[in-house]
Amino acid sequence: MARLTLPNVPVPALAKSSSLSDESVVSTASELAEVLAQINNLAFEQERDDLGLLRPSYRALTACMKAMLDLARDGRLLRPSDIGIDRNGDIRISWAADGRETELVFPSDDQQEPYLYHSTPDSYGTETELSPPSVSKRIHWALRGQ
Amino acid sequence: MPEECQSLLPDNTLLIRGIRLREINQQTRKIKKAAFIPRRNGQDDDGLSASQPAGDSRDRLMVRLSNAEGLFCKFQAGLVRAIEEGEIRLDVCPYPTEKDPYHALIKGVPTSRTQAALATRLADRLAAIASEYIPP
């Protein structure tokens, strides 16, 4: 399986004002490479199995990589709780803590745009505004409740 | 809820569903919601497939449930029926096929793109009542 060759992406240091622990912020090239490699490896799966699609589409993969790199460039990428794929071939990247979850979904389907799913035990919803500040806000909400 | 389904598949019926290794959280062993996200290609429009273990071995279940990975999760019919979101209440009904006489369908999870949020929520709740099933 091919390893991802990373471009030299500058990653700003974590802002001092953040109350999240340093461990959760992807702030080094190797940490970023680890996240991107997990996503990249999805592309080397067989196309499908008995249960559905296993490999994301080109569209899903590029959209996902772009979103992760945009977050990383802004110093807003926190280590995901889970990186996976569903039976539609949609890439799902989630951040979860204390019953709250934020999940970025990158559909393999050409007819559906990427979206963000968020949930608590009492509520749930989706958002299609995926700018780094918006996504970052939702990730922080999932991880620390604000 | 159609009472027929409940009488044919009582609430205490143990059900299983084929899953992938990557649909099990390797730290907690909890089932991920990806295992219950409906497929958009029309294959899940009638419902999400499930079955009954019926004492079958892993090899027999792999054939009957068409799951070459040989991994399964389990849950009770009554817990599926207890899942409600807004006006949607899930049900599970027998739907025997030639290959699987114990085949059942979880009804109520929407498959349209416009209802992705609701489908994800219901998948999350189904995953929460499921656990790994180890065949005899």
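The buried residues of α2(A) are covered by a set of elements that includes α1 (29-42), β4 (91-97), β5 (100-106) and α3 (132-144) of chain A. Contact here means that the C-beta atoms of two residues, placed from the backbone, lie within 7 Å, and the elements are DSSP runs, numbered from the N terminus: helices are H or I with at least four residues, strands are E with at least two. All of this comes from a predicted model, in which local features need pLDDT of at least 70 and side-chain atom pairs count only at pLDDT 80 or more, while totals for chains, interfaces and linings use all residues. Residues are numbered from 1 along each chain as its sequence is written, and chains are lettered from A and ligands numbered from 1 in the order in which they are written.

So which residues of α2(A) are buried? They are A:Ala60, A:Ala63, A:Cys64, A:Ala67, A:Met68, A:Leu71 and A:Ala72. They cover an arc of only 170° around the axis, which puts them on the same side of α2(A); the arc is that of the directions from the helix axis to the C-beta atoms. A residue is called buried if 20 or more other C-beta atoms lie within 10 Å of its own, exposed if 12 or fewer, and partly exposed in between, with C-beta atoms placed from the backbone. An α-helix has 3.6 residues a turn, so residues three or four places apart point the same way. On the face turned away from the buried side sit the exposed residues A:Tyr58 and A:Thr62. The length of the helix works out too: at 1.5 Å a residue, the 16 residues of α2 (residues 58-73) of chain A should span 22 Å, and the end C-alpha atoms are 22 Å apart, which agrees. The expected span is 1.5 Å times one less than the number of residues.

After α2(A) comes A:Gly75, with a positive phi near 70°. This glycine is found in the loop between α2 and β3 (82-85) of chain A. With 18 C-beta neighbours inside 10 Å, A:Gly75 counts as partly exposed. A:Gly75 and A:Val25 are 50 residues apart in sequence, yet their C-alpha atoms are 7.9 Å apart in space.

Stepping back to the whole of chain A, there are three helices and seven strands, and from the N terminus on the elements run α-β-β-α-β-β-β-β-β-α. Of the 146 residues in chain A, 34% are buried. Among the contacts in chain A with a separation of 6 or more, 54% are between residues 24 or more positions apart.

Strand β6(A) is mostly covered, with four of its five residues buried. Five bridges join β5(A) to β6(A), and the two run antiparallel; strands count as paired if DSSP finds at least two bridges between them. In this pairing, A:Val105 stands opposite A:Tyr115. Four bridges join β6(A) to β7(A), also antiparallel, with A:Glu127 as the bridge partner of A:Leu116. A hairpin makes the link from β6(A) to β7(A) through four residues.

A:Tyr115 itself lies in strand β6 of chain A and is buried, with 20 other C-beta atoms within 10 Å. Leaving out residues up to four places away in sequence, A:Tyr115 touches A:Val105, A:Thr126, A:Glu127, A:Thr128 and, across in the other chain, B:Ala116. A:Tyr115 and A:Glu127 are 12 residues apart in sequence and 5.8 Å apart in space, C-alpha to C-alpha.

The contact between the chains takes 18 residues from chain A and 17 residues from chain B. On the side of chain A that touches chain B, the elements giving two or more residues are β6 (115-119) and β7 (124-127).

In chain B, three strands form an open antiparallel sheet in the order β1-β3-β8. β1 (14-19) and β8 (131-133) stand at the edges, each with a single partner strand, so one side of each is left without a neighbour in the sheet. β1(B) pairs with β3 (residues 71-76) of chain B over six bridges in the antiparallel sense, and B:Leu14 stands opposite B:Gln76.
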